Amino acid sequence: MTESTSLKQVQDMEAILETSKAMMSERDPDRLLNLIVQKATDVLEAERGSIFLADYDTQELWSRVAQAVEIAEIRFHWDKGIAGNVFQKSEIINIKDAYQDSRFNPEIDKKTGYHTRTILCGPLINHKNEVIGALQVLNKKDGVFNDYDESLLTAFSAQAAIAIENAQLYQELELTFKSFLKTMASAIDARDPTTAGHSERVARYSLSLAKAMGFNETEQKAIDYAALLHDIGKIGVRDNVLLKPGRLTPEEYEQMKNHVVKTKEILENMFFSRELREIPHIASSHHEKIDGSGYPTGLKGDNLSRAAKIMAIADVYDALVATDRPYKKAMTSEEALAILEQGKGTHFDQEIVDVFKNKKLYLIERRKSDRLDTNILMDYFITIDKKQISESAIIQATTVNLSTSGLVFSSKRPLAIGAILNTVLHIAGQDLKIQGKIIRSERILSHNTYNNAIEFIGLMPEQNKILAGLSETK
C-alpha cells in the first residue's frame with residue numbers, strides 16, 4: 001500500500017464520519033436523501049447517484065433523488081432492475097459495462113438523455129438487519145468501481161440506513177402528532193358549524209407570517225401547532241352560548257372569553273418537548289392586544305411573544321372575512337385589512353400587519369362550496385405508465401369528503417400530485433363522470449392507507465347542479 005493510497009483511505013473514512021454526523025442531525029427526509037446522494041457521489045468519485053427506498057404497501061422501490069435528472073419520482077416493482085436485484089438479494093452489484101448487463105434497463109437513459117457506463121449499487125440495511133432500499137452511484141469518473149469502492153459503499157450505506165430510518169421514524173411521529181392535533185381542531189370546529197375550518201386557516205395564515213418574518217423551523221412548528229389548538233378551550237363553553245345565533249349578552253360574552261383560559265389549562269396538561277413549551281402561551285394569547293386591552297390577562301408589549309402577536313392578527317382577519325358567521329356580515333379583504341391598519345400600534349403589531357398586507361399573505365384558498373354527503377360510492381380510472389408495464393384498472397372507493405369543488409378518498413397506494421383522474425360518482429341512481437386533478441396525497445399511518453384530495457376540472461353546469469342538489473337533500 002503506497003503512502004498516497006493510505007492517505008486517501010484516511011480521508012475517505014474522515015469524510016464518511018463527517019457525513020454520518022450531518023446525516024444523523026438531519027430530520028427532514030427529503031433533505032437527508034439529497035445529502036446522502038451528494039456525499040456518496042463525492043466520496044465514490046461518481047457522476048450521479050440515487051437512493052431507492054422500499055414501499056412495503058405497494059411492493060415497489062421509489063426514488064425522488066437523482067442529480068440533474070428530469071424525473072421527479074421513479075417507481076417500479078421491487079424485483080425489477082439493478083436496485084431490485086440488490087434489494088432482493090441484499091448484496092452489492094458492481095457493473096463494469098451497463099449496456100452489456102442484462103439486468104440494466106436502458107429506458108431511463110433514453111428518457112433522460114444520460115449515458116450510463118458503470119454502476120455500483122448496494123443494499124441499505126437497518127438495525128434489524130432488514131433491507132429498506134438501495135444506494136446507487138453511476139459512472140466512476142476515472143475508470144470503473146473496484147473492490148475498495150465496494151467497501152466504501154458498504155460503510156457509507158450502513159450509516160445512511162440508520163439515518164434514513166431515524167428520519168422516517170421522526171417524520172411518522174410528527175405526522176401522527178399533527179394528525180392528532182388536526183383531529184382535535186376539527187372536533188372543536190365541528191361543535192360550531194359556522195366556524196368550520198377556522199383553526200386550520202388561522203394556522204395557515206400564522207405559518208405564512210412566521211416564515212415571512214424569519215422564524216426558524218422549530219418556531220414555525222410551535223406557532224403552527226398553537227394555531228391549530230388555539231380554540232380548544234371552546235370545549236368548555238356551553239352550547240347555548242357557543243351556538244347562539246345572535247349577539248351575546250355581557251354575561252354570555254364573559255363565558256365565551258373564558259375559552260382562552262380553558263385553552264391554556266388544557267394545553268398545560270399536555271406534554272410538549274422543550275422546544276415546543278411556548279405552545280400554551282401562544283395559543284391562549286390570541287385575544288391579547290399590545291396595548292394591554294385584550295384578554296384574558298391584559299398582557300402588553302414585550303410580554304407578548306412575536307408568535308402570539310402573529311396569531312392575534314391571523315385570528316382576527318379570518319373572523320372578519322368569514323362568510324358564515326350569523327352575527328355579522330362578511331367583510332372584503334380590503335375592509336378587513338383596513339381594520340388591522342386602524343389597530344396598528346394599539347391592538348396589533350405594526351411590523352406584522354405590514355408584512356401580512358404587503359406580502360399578501362392573506363390570499364389563501366378559502367372554501368366557498370357546499371360540503372356534501374361524505375359516503376358517495378365512486379370509481380376511478382388510473383393508468384400507471386412505468387415504461388415496462390402499462391396497466392389500467394377501475395378501482396372502487398368511497399368518498400371521505402365531498403364538496404361541489406372536489407373530493408377526498410382513500411387508496412392503498414399514493415397517487416402522483418398533479419395527475420388527472422377520471423372519476424365516476426354514483427349519485428341517486430345515476431353515474432356522474434367528472435375529471436379531477438390530484439392536489440394532495442397523504443399517508444394515514446393508523447389505517448395504512450393514503451388520503452387523496454381531488455380538485456374537479458371543467459365541471460359542467462348540470463354536474464354542478466346535481467352536486468349542489470345533494471346539500472338540499474341532506
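Axes here are lines fitted to C-alpha atoms, for helices over the stretch in contact, and the angles between them run from 0 to 180 degrees between N-to-C directions. On that basis, helix α12 (residues 306-321) packs against α14 at an angle of about 50 degrees, with the two axes 10 Å apart. The model is a predicted one, in which local features need pLDDT of at least 70 and side-chain atom pairs count only at pLDDT 80 or more, while totals for chains, interfaces and linings use all residues. Residues are numbered from 1 along each chain as its sequence is written, and side-chain values use heavy atoms, with hydrogens and water left out.

**The chain overall**

- The secondary structure of the chain comes to 15 helices and 12 strands, where helices (H or I, at least four residues) and strands (E, at least two) are DSSP runs numbered from the N terminus.
- Of the 474 residues in the chain, 43% are buried, a class defined as under 20% relative accessible area, with exposed meaning over 50% and partly exposed in between (1.4 Å probe, protein chains only).
- Taking contact to mean heavy atoms within 4.5 Å, 58% of the contacts in the chain between residues at least 6 apart in sequence join residues at least 24 apart.

**Packing of α12 with α14**

- The angle makes α12 oblique to α14, since angles under 35 degrees count as roughly parallel, over 145 as roughly antiparallel, 65 to 115 as roughly perpendicular and the rest as oblique.
- The crossing of α12 and α14 is right-handed; a crossing has this hand if the near helix is turned clockwise from the far one by less than a right angle, and is left-handed if the turn is anticlockwise.
- On the α12 side the contact involves R306, K309, I310, I313 and Y317, which meet I352, V353 and F356 in α14.
- These residues divide into 6 nonpolar, no polar and 2 charged, with Ala, Val, Leu, Ile, Met, Phe, Trp, Tyr, Cys and Pro counted as nonpolar, Asp, Glu, Lys and Arg as charged, and the others, Gly among them, as polar.

**Packing of α13 with α14**

- Helix α13 (residues 333-342) and helix α14 (residues 350-358) have axes that come within 10 Å and cross at roughly 160 degrees, which makes α13 roughly antiparallel to α14.
- The crossing of α13 and α14 is left-handed, and the contact is made by L337, L340 and E341 of α13 together with V353, D354, F356 and K357 of α14.
- By class, this contact of α13 with α14 has 4 nonpolar, no polar and 3 charged residues.

**Aromatic pairs around F356**

- Rings of Phe, Tyr and Trp (its six-membered ring) pair if their centres lie within 6.5 Å, and planes under 30 degrees apart count as stacked, over 60 as edge-to-face and the rest as tilted; by this rule the count comes to 12 aromatic pairs.
- Y205 and F356 form an edge-to-face pair, at 5.8 Å centre to centre and with 80 degrees between the planes.
- Y205 lies in helix α6 (residues 198-212) and F356 in helix α14, so the pair ties together parts that are 151 residues apart in sequence.
- Y205 is buried, with a relative accessible area of 0%, and F356 also counts as buried at 0% relative accessibility.
- Ring pairs link Y205, Y317, F356 and Y362 into a cluster.

- F156 lies in helix α5 (residues 147-191) and counts as buried at 2% relative accessibility; the C-alpha atoms of F156 and L17, 139 residues apart along the chain, are separated by 8.8 Å.
- I108, placed in helix α4 (residues 107-112), is partly exposed with a relative accessible area of 34%, and I108 and I74, 34 residues apart in sequence, are 9.5 Å apart in space, C-alpha to C-alpha.
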